[in-house]
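Please look at the sequence and the structure shown here, and keep both at hand while reading the report that follows.

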Amino acid sequence: MSSLVALQLLLVAFIASAESGVQKLTVSPDRGTYLNITSSSSQVKGCAVCTGAGGSRRCGPSLVIKDDTPVSIEFECSRPQDVFSVEIVRNIECTTKLCNGHIIQADSDSLPFLDFNRKFTWNLNASPPEAFKIDFNNIGMRQINQSTGCPDGHSYTLRAFQTTGEVAVGKYCTMGHISSAQILNQGSFSLDVPPGQKLQNSQFDVSVGEEIKSLAKITLTLPKGTSSSELLSPNYPDSFPDDDLMEWYVQVPAEHKAAVQFLNVSEPRCLKKEAAVEYHSYARAAVVRSLTEPQPAHIPGKFTFMLRNCEMDTRRAGLMLRFKVSASSAISSVSCHVDMRNMEGLSLLIERLRPASGCEMTVNAVSKEKITITGRSHLTFQDCVPEELLITARRVIECVQLADCPTRSTRLLVPALPTCLPAPLSSVTWTLRPPQHGALELTSPTELLKQSLPGQQCNDSFIIRVAEDDGTTVGNFCPRGAIQKIQLHTNVSVTVSGVDGEGLKTPFGHVLDAIFKAEISESYIFTVSPEMDTPILLATPGWPVGMRSYSTVSWIVSVPPKRDAHLVFTNLSQPKCSNRHTNIRVQRVGCLEEEYSRREDEEAESKIAVSGSFYLNMSNCMPETGHFGVITMVTLENSKNLLLTVLSVVASLVVIFVIVLVVVCVVIRKKKKALNHQVSIYNPNGTSFLPGQNNFPKTREDESHVYASIEETLIYTDLLRKGAKMGVYGEVDASRPFAGHTDSQKPLVGEDADTDDMPVGAYQQFQAPPLPVRPISHVQCLVDNVIYQTESEGENSPTLGTEGGS
């Protein structure tokens, strides 16, 4: 049987039991193939993989199956695909003449593991001093950074095994100019596939290679016309191995010239020898250049590029190189018809980066240094290589009056430009200008967004930069995050560009939706929906530079029922304020009380727990020195206080019922007593006095703790005080009888209430602390197991309180 994994995975049972939480399956690896099931140490709690039965039953966080006999596997959890990953490994041996297998991608036999993270690995060995060779001619490969993913989800990794350790030669996607790779002696070739995605059927030939003296040899085959390819040194962005050699063989078409350009280079500190690059061409002497010298720009024909490292001082940064190889015809003349009339209002700009170069551009037979295209034009490029040109697209979208703004969102699209252009599209910028009393809302049409931050890097091939009209960055974003939408109270520019200066190689179409909305109370509002057990980082706009003076930002964070949000300020920078204060507030949606509030002159807590959806509000002062910048990590966890909350509510209701019952009894008794003996006289200053008194009653200060008799209400003093703390009653003095609220009395008010302007005899409600204005639906704290929906959600932004600190 020939397949990618050579597995005969006979699915005997796949049982998901809600009671036992056990899933079973039976697998049978073919000879020469083994299965490696491993779990993440951070998620292994309560879940194990087991084999055998009875006394021979073995369970653990990992399992290796090498036998070609069927083996029954049990996962002791209901969703093992969230905990375990599966690696299917096969060995291929190469003798002096041939290799005993091919690399075949086939998914039919691994379907039982379709929902798992899967890795297919082929270990390859050749007899020294020969290498083994993998041929990619059928699809071609292009190298990417280790942190970057591939558009189709299939990412390939090539490794070399040396006596000094393992070396990552490179990570690759398909559809590139790399036609083959050779590894000296021993190495591996692996394919990573995300859960739920089937393998793309393909086959790579494996053969005995050359007698190479380098770590590895990569062959790059450039097509006719203008082309380029980016390459990275092994282990990039970490250091190239000490005192080692790597080579790239570049095949350039006839009558073409090639150029090498260093995009990023880090020099090591050498103890012996020198780090350098070498150029070898047929019938020409070798050319040696240092890492800091200009590299050749007109290399005729095929050549070998070699990177040579020295014996490094390992206490310092090592050797790291990112470079581009480009080729064009010796006398290159490219004609191109461009029509921008159907490009969603975009205009195309083409600029020469090196005015002294031999590149010449013409528009409709007129020579130009810079080209701007808004309609249909005929372009020609004479001797222009890709690194000499910068191609960008721009569009301005504005609205003067909110009533005249479009009610539907505007799609921000990356255009598909003609392939005849000699360089790829570098970036697309949309300038968005809302009306004077309006705001802007940005949403992703497919996946939620995340902010590119240390510890939360973007692994995509593009990045979205949002900046204010003066160039101040709001943040850099990319897909696969938790941010639903971004609202801004200013003119902004949105720029989509490649990562690390790369161009937008392929048009990926719809990037964002933009719509003009009514004015918002904050400078910025982010709506966030975190996922369980997936920490997210939220940074203040402008980070790490700091927020604008007096600017405000709010995050509306949705927390599902029976979940708690844990907030940690992982990076907090506070200024010295010359006017007002910075403020960090946390408040549950629909609640009066703040969960947390700190100024710059107060010590911040390290961790905050919030149950239910909440607002995270921050405001800046006018800094005298320093700046205000915060990174907040938000993690959702299962609520640990659900039962305690229920018991507390029940206990509180019992206490309130007892207090109310006691007070009612006291009031009734007092009224009866007053009717039988005396009549109280109303005094508009809030004090009742009885007939027969020569003077007004003494105040509490005049007659403190002096009793004529002990009233029954003193027995319940503690209960009444608890009621006051809960907001049920005002303060009740233990040294004077509580007569309740009668028609002859003014209601109790807080101690801080301003009574100077209060009209005599006027009734005034108890004044609670001021609450920031919220949407109409936010009138009560959220309750578990109840679904809330704001009627105007998605149409109008919530008002999130006053700007600035107090």
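## A buried threonine

A residue counts as buried when its relative accessible area is under 20%. In this predicted model, Thr-148 has a relative accessible area of 12%, and it is therefore buried. Thr-148 lies in the loop that runs between strand E11 (141-144) and strand E12 (155-162). If its neighbours within four places in sequence are set aside, Thr-148 is in contact with Lys-171, Asn-459 and Asp-460.

## Confidence in the model

The protein chain has a mean pLDDT of 77, and 73% of its residues reach 70 or more. Over residues 671-780, however, the pLDDT is below 50, and this stretch has 109 contacts in the model beyond near neighbours in sequence. The pLDDT is also below 50 over residues 782-806, a stretch with 56 contacts in the model beyond near neighbours in sequence.

## An open sheet

Four strands form an open sheet in the order E18-E27-E20-E24, and their pairing is antiparallel. Strand E18 (227-232) and strand E24 (299-300) stand at the edges, where each has a single partner strand, so one side of each is left without a neighbour in the sheet. Strand E20 (residues 256-266) runs antiparallel to E24 and is joined to it by two bridges. Within this pairing, Lys-257 has Pro-300 in E24 as its bridge partner.

## Disulfides

A disulfide is a covalent bond between the sulfur atoms of two cysteines. The model has 10 disulfides, and three of these pairs are described here, including the one that joins Cys-150 to Cys-173 with an S to S distance of 1.9 Å. This pair links distant parts of the chain, 23 residues apart, with Cys-150 in the loop between E11 and E12 and Cys-173 in strand E13 (residues 165-174). The torsion about the S-S bond of Cys-150 and Cys-173 is about -90°, so this disulfide is left-handed. Cys-150 counts as buried because its relative accessibility is 13%, and Cys-173 is buried with a relative accessible area of 2%.

A disulfide also joins Cys-336 to Cys-420, with an S to S distance of 1.8 Å; the torsion about the S-S bond of Cys-336 and Cys-420 is about 55°, so this disulfide is right-handed. Cys-336, at 1% relative accessibility, counts as buried, whereas Cys-420 is partly exposed, with a relative accessible area of 26%. Between Cys-359 and Cys-384, which are joined by a disulfide with an S to S distance of 1.8 Å, the torsion about the S-S bond is about 90°, so this disulfide is right-handed. Both Cys-359 and Cys-384 are buried.

Methods: Residues numbered from 1 in each chain as written. Predicted model: local features only at pLDDT ≥ 70, side-chain atom pairs only at ≥ 80, totals over all residues. Heavy atoms only, no water. Buried < 20%, exposed > 50% of the residue type's maximum accessible area, 1.4 Å probe, protein only. Contact = heavy atoms within 4.5 Å. pLDDT = per-residue confidence, 0-100. Pairing = 2+ DSSP bridges. Disulfide = S-S within 2.5 Å.
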